[in-house]
Amino acid sequence: MSQESNSESSAVVGGRPKSLLFVFADQLRGMDLGCAGHPNIRTPNLDRFASTGVRFTGAYANTPVCGPSRSSLLTGCLPPKTGVLGNDLAMKLGMQTFGTVAQFNGCRTAYIGKWHLDGPERDCFTPPGERRFGFDYWAAFNCSHDYFKAVYYRDEPEVIHEQGYEPEIQTRLACEYLERLDRGDQFCMFLSWGPPHDPYRQVPEEYLELYPRETQHLRANVEEDTGNALAKNLDCRGATSAYRAAITALDDNFGHLLKKLERLGRRDDTLVVFTSDHGDMLWSHGMMKKQLPYEESISIPLIASCPGLLPAGACCSGLLGICDYLPTLSRLLGWRGVSYDAMDGLDLSEMWRSPSLKGRNAVFLADYVMADESKQQNVLPWRGWRDPRYTYAVREGGDPWMLFDNLEDPYQLRNLIGLPEAADVQARLHASLIQSLSERDDPFVYNFDLLSYHGLSDAWTSRERVLQEYWERRSAQKAVT
């Protein structure tokens, strides 16, 4: 990691905090919190948390699928630089991350929960060293979504099994880590929860009872009866109620974590961030899960709070992408040795301090390879923009696909592609997008040609083989049990 000249130390300077507590969920949409205006979802702890800091309404996942988005979150770079063009590819070694930057600045570093950046072997052991990208304390697992059979590794290759609800176990581990710190220790801790990512109904019964299936209000663009084979295999209202129950369960755990921070006297010197890696379609437009440029897939929650550093009870509508997190938080924390020029993300720290300021002109969006849910739903690779008003996306080959006026049509029910009244807007957005692809050295070619262009053909072939063996092994285990 290259170092930049910076006279500021990593200790508290001019009201800056020492430490970072970064909490993120998996597949949680930006509109699905009480403080975001959702009429049915109960999130009292996150709502109170928002009243102490800034809630961002213009936060988006640049690449709305787990591995690629997580790689951007941690590095400030888009997937072509991280090597994680699709799920289950390993992140390039030597990348600058939150872990390496925090470690350079004297922080104790910790990562707890889902990782999903160590290649196709979802149950692999990630040993101490460069594959942990600067995180010292480790209680993580590459990828598992069995929320009542928690699994994680520490520093030995023996997997640790715990019974109970996984987010509760992970939150307990986070609290225990905080308790072991000395009062003067600077720390950077990431807590990565698996829910509300499917399987949706793996939620404690006490939370499921809060959301009866038959009473669930659905979004205005939901299509329950759909020809989508992936969606038809699931119960729309049942899944939606369980998804909301999982959010309330996470909210309770977030409350426990904040109370621990307060009891330890660390709340005032810690910048706390809550977000998600991407959203979930949940039958909007008849689609499921992610990898789409619709608002339900790309919009993510983002709330940040630190007394004396960020204003309390503020709402910021400025645009930002998940790749902006590392440069922005590095500046807010006064971290040295940060290679800002190597990142695709921007330093938007002034907007975080003054939420009335403008953010990005537009957030770049992409899904690079047709795989997993996009393959099951026949969604070609695409590139797009989300600006303050419009969403625009083109499919592989540059074919205009979506144009929505989010101000006039917040549920994106009227696609304006090819309509005379939108011709000028479409032309402007298309020209800007094509120029951006050229600047990013993005050839926008189909799966294997793109993987070959980035030197990932062999890694992808291995990924396909290993995942097939993994799912066959899982199916055999389920058949036995």
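Which residues of β1 point one way from the strand, and which point the other way? In this predicted model, Ser19, Leu21, Val23 and Ala25 of β1 point to one side, whereas Leu20, Phe22, Phe24 and Asp26 point to the other, and all are buried (buried meaning under 20% relative accessible area, exposed over 50%, and partly exposed in between, with a 1.4 Å probe and protein chains only).

Residues are numbered from 1 along each chain as its sequence is written, and side-chain values use heavy atoms, with hydrogens and water left out. Because the model is predicted, local features need pLDDT of at least 70 and side-chain atom pairs count only at pLDDT 80 or more, while totals for chains, interfaces and linings use all residues. The pLDDT (the predictor's confidence in each residue, from 0 to 100) averages 94 for the protein, and 96% of the residues score at least 70. Over residues 1-13 the pLDDT is below 50, and this stretch has 34 contacts in the model beyond near neighbours in sequence (contact meaning heavy atoms within 4.5 Å). Helices (H or I, at least four residues) and strands (E, at least two) are DSSP runs, numbered from the N terminus.

An open sheet is formed by 8 strands in the order β5-β4-β8-β1-β9-β10-β2-β11, with mixed pairing; two strands pair if DSSP finds at least two bridges between them. The edges are held by β5 (137-141) and β11 (314-316), each with a single partner strand, so one side of each is left without a neighbour in the sheet. From one strand to the next, the twist averages 15°. Angles in general run from 0 to 180 degrees between N-to-C directions, and axes are lines fitted to C-alpha atoms, for helices over the stretch in contact. β4 and β5 run parallel and are joined by 5 bridges, with tyrosine 137 in β5 as the bridge partner of alanine 110.

Within this sheet β1 is mostly covered, since 8 of its 8 residues are buried. β1 pairs with strand β9 (residues 270-276) in the parallel sense over 7 bridges, and valine 23 stands opposite phenylalanine 274 in β9. The pairing of β1 with β8 is also in the parallel sense, over 6 bridges, and here phenylalanine 24 stands opposite serine 192 in β8.

Helix α2 (residues 66-75) has 10 of its 10 residues buried, so it is largely enclosed by the rest of the structure. The buried residues of α2 include Cys66, Arg70 and Thr75. Their cover includes β1 (19-26), α3 (79-82), α4 (98-104), β4 (108-114), β8 (187-196) and α10 (325-333). Just after α2, glycine 76 takes a positive phi of about 75°.

Helix α8 lies across β1, β8 and β9, running at about 160° to β8. α8 (residues 236-263) also packs with helix α1 (residues 44-51), at an angle of about 50° and with the axes 7 Å apart. That makes α1 oblique to α8 (angles under 35 degrees count as roughly parallel, over 145 as roughly antiparallel, 65 to 115 as roughly perpendicular and the rest as oblique). At this contact, Pro44, Asn45, Leu46 and Phe49 in α1 meet Asp251, Asp252, Phe254, Gly255 and Leu258 in α8. The contact residues divide into 5 nonpolar, 2 polar and 2 charged, where Ala, Val, Leu, Ile, Met, Phe, Trp, Tyr, Cys and Pro count as nonpolar, Asp, Glu, Lys and Arg as charged, and the others, Gly among them, as polar.

Another open sheet has 4 strands in the order β13-β14-β15-β16, with antiparallel pairing. Its edge strands are β13 (363-367) and β16 (399-405), each of which pairs on one side only. Neighbouring strands of this sheet are turned by 15° against each other on average, direction ignored. Strand β15 (residues 390-395) pairs with β16 in the antiparallel sense over 6 bridges, and alanine 393 stands opposite methionine 402 in β16. Helix α13 (residues 423-439) lies across β13, β14 (382-386), β15 and β16, running at about 60° to β15.

Valine 466 is placed in helix α15 (residues 457-480). Valine 466 is buried, with a relative accessible area of 10%. Leaving aside neighbours within four places in sequence, valine 466 is in contact with Pro120 and Glu121. Valine 466 and arginine 386 are 80 residues apart in sequence and 35 Å apart in space, C-alpha to C-alpha.
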